[in-house]
Each structure stands twice: as C-alpha cells, then as structure tokens.
Amino acid sequence: MNFLTRVILFNRPVVKNTIYSSYRLVHAYQQDQRSNYPKVYDRRPENKKLNLLQQAKKGYFHLKKELALLKKETKELIKGKDFFHPSDEIDIVWDFNGNEKSLDSWLIVCDSDYNEGYSTCKLELSPEGKAVFSGQLDFRIPKDGKITNAGYCALKTATFRKSFKRETKLDWQLYNHLIMRVRGDGRTYMINIGTKGLYDINWNDLYNYVMYTRGGPYWQYVKIPFSKFFLSSHGRIQDDQLPIPLNNISSFGIIASDKNPGPFKLEIDYIGLVYDPFEWEEFAYEMYKIDNILF
C-alpha cells in the first residue's frame with residue numbers, strides 16, 4: 001500500500017517515523033559511563049575562592065604546564081614510535097619511589113563508598129617509600145533489600161590524559177608480559193586491565209587474571225603473559241574470548257575480593273612491562289566456531 005492509497009482509505013495524513021529517544025531503549029543503551037554511580041573522592045579537590053589576580057596566576061601556571069606537555073608530545077611524535085623493544089629489559093610504567101606524587105595517578109574505591117557494604121581501604125607510602133594498598137574486607141550485606149553481594153576494595157588508575165586534559169590510551173604492543181614486584185599477605189588478588197571502547201557496549205570491558213601472593217617478609221616478582229588474560233564485562237566472563245588489544249589500554253587496577261573477611265595488605269614496588277622472546281603464545285584460550293554445525 002503506497003502513500004496516496006493510505007491517505008485516501010484512512011482520510012488522515014501519514015507522518016514518517018523520526019529518530020527520538022525512547023524508554024524502550026534504556027536497557028540497550030547506557031547513557032552514563034559510571035552506570036549512575038555517584039562521584040566519590042578519596043582526595044577531594046580544592047575549592048578555594050580566588051580573586052581575579054589569583055585566578056590569572058593559577059591559569060598561567062596551568063597553561064605553562066600544559067604547553068610543556070604538548071612540547072614533549074610533539075617531540076615524541078616527530079621521533080616516531082619504536083618498532084621493537086630489547087628482550088628481557090623491564091620498562092617500568094608506575095614506580096613508587098617514595099614520592100607522594102606517585103600516588104596522584106591512582107584511585108581507591110570500596111563498597112562502603114556507595115553504601116553497598118562495609119569494607120574500607122587506603123593507599124599510602126610505606127617508610128621505605130613503597131605503595132601500600134591495605135584495608136579491611138567485610139562481606140556483611142546491607143539490609144536494604146537490593147544488595148546481594150558485598151566485600152571488595154579496588155585500586156585503579158585515573159583516566160590517562162595528554163596535554164590540555166585530552167583523554168588518551170596506552171600502547172603496550174611492544175611487550176608480551178606484565179611484571180610486578182610486590183609483597184603480599186598470602187591473599188589472592190585480581191588484576192584488571194581496561195580496554196574501554198568507543199561505544200557504550202564496550203565501556204566496561206576488562207581483561208582479568210589472578211595474582212597469588214605468598215605472604216611473609218620476602219618480595220616476589222609476578223610475571224604474567226598478556227595471552228593469559230581473559231575478557232569480562234560487568235563482572236561476567238564472556239563466552240566469546242579475544243586477545244587483549246594492547247594498543248587500547250584505558251586503565252589498570254587491582255581488586256581485593258577473595259571471600260575471606262579481615263585485613264589485607266599489598267605492597268607494590270613497581271609495575272612494568274617486558275618482552276620475552278621465548279613466549280610465542282598469542283592467546284591461551286581456544287575458541288570454537290560452531291556456525292553451520294548440526295547437532
């Protein structure tokens with residue numbers, strides 16, 4: 001039935017459908033990257049009232065800092081990317097060398113921040129200048145009728161930024177192993193590497209792997225191939241597994257949630273990358289294509 005026929009039969013104008021937002025699509029589209037969670041601060045930003053001269057002075061120092069970063073980025077762009085990395089040479093990404101500023105690029109969060117539990121955590125420097133991620137895991141569930149699971153503390157990097165606060169990603173394509181020097185308490189921790197995509201369906205993509213700590217007074221080296229990391233989203237392991245896209249690293253984190261209530265403590269010396277020429281595995285998990293198979 002064409003347009004003219006419909007007008008004659010029903011005696012009313014026909015309006016073509018237009019694109020509009022609909023409540024029917026809420027389940028398919030995530031508008032907020034934080035999933036409607038409120039913002040919480042472990043270090044609340046300063047909110048000082050400044051006069052016009054103080055604001056101009058502060059703006060000048062910020063501009064000077066951002067221009068210095070832009071100059072550094074321009075030099076790196078002209079130099080070009082490296083096409084190979086020396087084998088077995090550790091490239092340190094995050095080094096905790098006793099400087100308080102080394103903690104500025106990290107955020108901590110726990111279930112009590114959102115009134116979803118009673119766990120607490122903190123990040124500080126030890127007397128030796130190493131990062132100490134510690135706290136108390138509590139698996140009691142709030143009696144609000146909504147929460148069914150509780151008990152986690154997480155350490156996560158802040159959003160990576162280039163000059164003038166532009167969001168960027170890290171490129172780890174030259175490496176095939178993650179390496180860390182840590183001193184744990186015998187607990188099991190989960191390492192999370194974020195690979196947030198452009199579309200909302202990929203905002204919560206995480207690649208995970210378990211880190212076991214020995215406990216005791218000795219430091220240990222943790223070396224994990226990137227091929228061992230498995231894909232999850234919204235806390236659920238995905239059926240379709242893919243190798244981690246090392247050119248799209250959006251975050252790095254460690255979470256404590258091993259179902260054992262009580263105190264925890266993880267000391268971190270550094271987190272780095274290394275290329276092992278004797279590691280040939282691209283992906284550790286075999287996937288099967290079941291298209292056109294009759295059962």
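## The chain as a whole

The chain exposes about 21,100 Å², and carbon and sulfur atoms supply 55% of that area. Keep in mind as you look around that this is a predicted model. Buried residues account for 36% of the 295 residues in the chain.

Now think about contacts between residues at least 6 apart in sequence: 73% of them join residues at least 24 apart.

Seven strands make up an open sheet, in the order 2-5-12-7-8-10-11, and the pairing is antiparallel. Which strands sit at the edges? They are strand 2 (106-110) and strand 11 (236-237), each of which pairs on one side only.

Let's zoom in on strand 2. Its partner is strand 5 (residues 153-157); the two run antiparallel and are joined by five bridges. Within that pairing, L107 has K156 as its bridge partner, while I108 stands opposite L155. In a regular strand, side chains alternate between the two faces of the sheet. You can follow this along strand 2: W106, I108 and C110 are on the covered face, and L107 and V109 are on the uncovered one.

## Strand 6, wrapped up on both faces

Seven of its seven residues are buried, so the strand is largely enclosed by the rest of the structure. On one side you find H177, I179, R181 and R183, on the other L178, M180 and V182, and all of these are buried.

Who are the partners of strand 6? One is strand 9 (residues 220-225), which pairs with strand 6 in the antiparallel sense over six bridges. Another is strand 13, joined to strand 6 by seven bridges and also running antiparallel to it. H177 shows both pairings: its bridge partner in strand 9 is P225, and its bridge partner in strand 13 is V274.

In soluble globular proteins, nonpolar side chains tend to be buried together. Here, the largest nonpolar core has 42 residues, and those with the most contacts inside it are W172, L178, M180, F226, F252 and I268. Strand 13 gives the most to this core, with five residues.

Pick out I268 and look at what surrounds it. Not counting residues up to four places away in sequence, I268 touches F96, K130, A131, L155, R181, V182, W219 and I254.

## Aromatic rings

How many aromatic pairs does a search of the whole structure find? The total is 14. Take Y189 and F264: their ring centres are 6.5 Å apart and their planes are at 65°, so this pair counts as edge-to-face. The pair links distant parts of the chain, with Y189 in strand 7 (residues 188-194) and F264 in strand 13 (residues 262-274), 75 residues apart. Is Y189 buried or exposed? Y189 has a relative accessible area of 2%, so it is buried. F264 is buried too, with a relative accessible area of 3%.

Leaving aside its neighbours within four places in sequence, F264 is in contact with a list of residues including T120, C121, F133, L137, C153, R187 and A256. G184 is 80 residues from F264 in sequence, yet the two are 8.5 Å apart in space, C-alpha to C-alpha.

Elsewhere, ring pairs link W94, F96, W106, F160, W172, Y209, F226, F229 and F252 into a cluster. There is also a charge over a ring: R140 lies over the face of Y118, at 4.4 Å from the ring centre.

## Two residues with positive phi

Most residues other than glycine have a negative phi. Which loops hold exceptions? D88 is not a glycine, but it has a positive phi of about 60°; D88 lies in the loop between helix 2 (52-79) and strand 1 (91-95).

K165 is another residue other than glycine with a positive phi, near 60°. You'll find K165 in the loop between strand 5 and strand 6. Its relative accessibility is 53%, so K165 counts as exposed.

Key: Residues are numbered from 1 along each chain as its sequence is written. This is a predicted model: local features need pLDDT of at least 70, side-chain atom pairs count only at pLDDT 80 or more; totals for chains, interfaces and linings use all residues. Side-chain values use heavy atoms; hydrogens and water are left out. Two strands pair if DSSP finds at least two bridges between them. Helices (H or I, at least four residues) and strands (E, at least two) are DSSP runs, numbered from the N terminus. Rings of Phe, Tyr and Trp (its six-membered ring) pair if their centres lie within 6.5 Å; planes under 30 degrees apart count as stacked, over 60 as edge-to-face and the rest as tilted. Buried means under 20% relative accessible area, exposed over 50%, partly exposed in between (1.4 Å probe, protein chains only). A charge sits over a ring if NZ of Lys or CZ of Arg is within 6 Å of the ring centre and within 35 degrees of the ring normal. A nonpolar core is a set of buried Ala, Val, Leu, Ile, Met, Phe, Trp, Tyr and Cys residues joined through side-chain atoms within 4.5 Å. Contact means heavy atoms within 4.5 Å. Accessible areas come from the Shrake-Rupley method with a 1.4 Å probe; for residues, only the protein chains shown count as cover.
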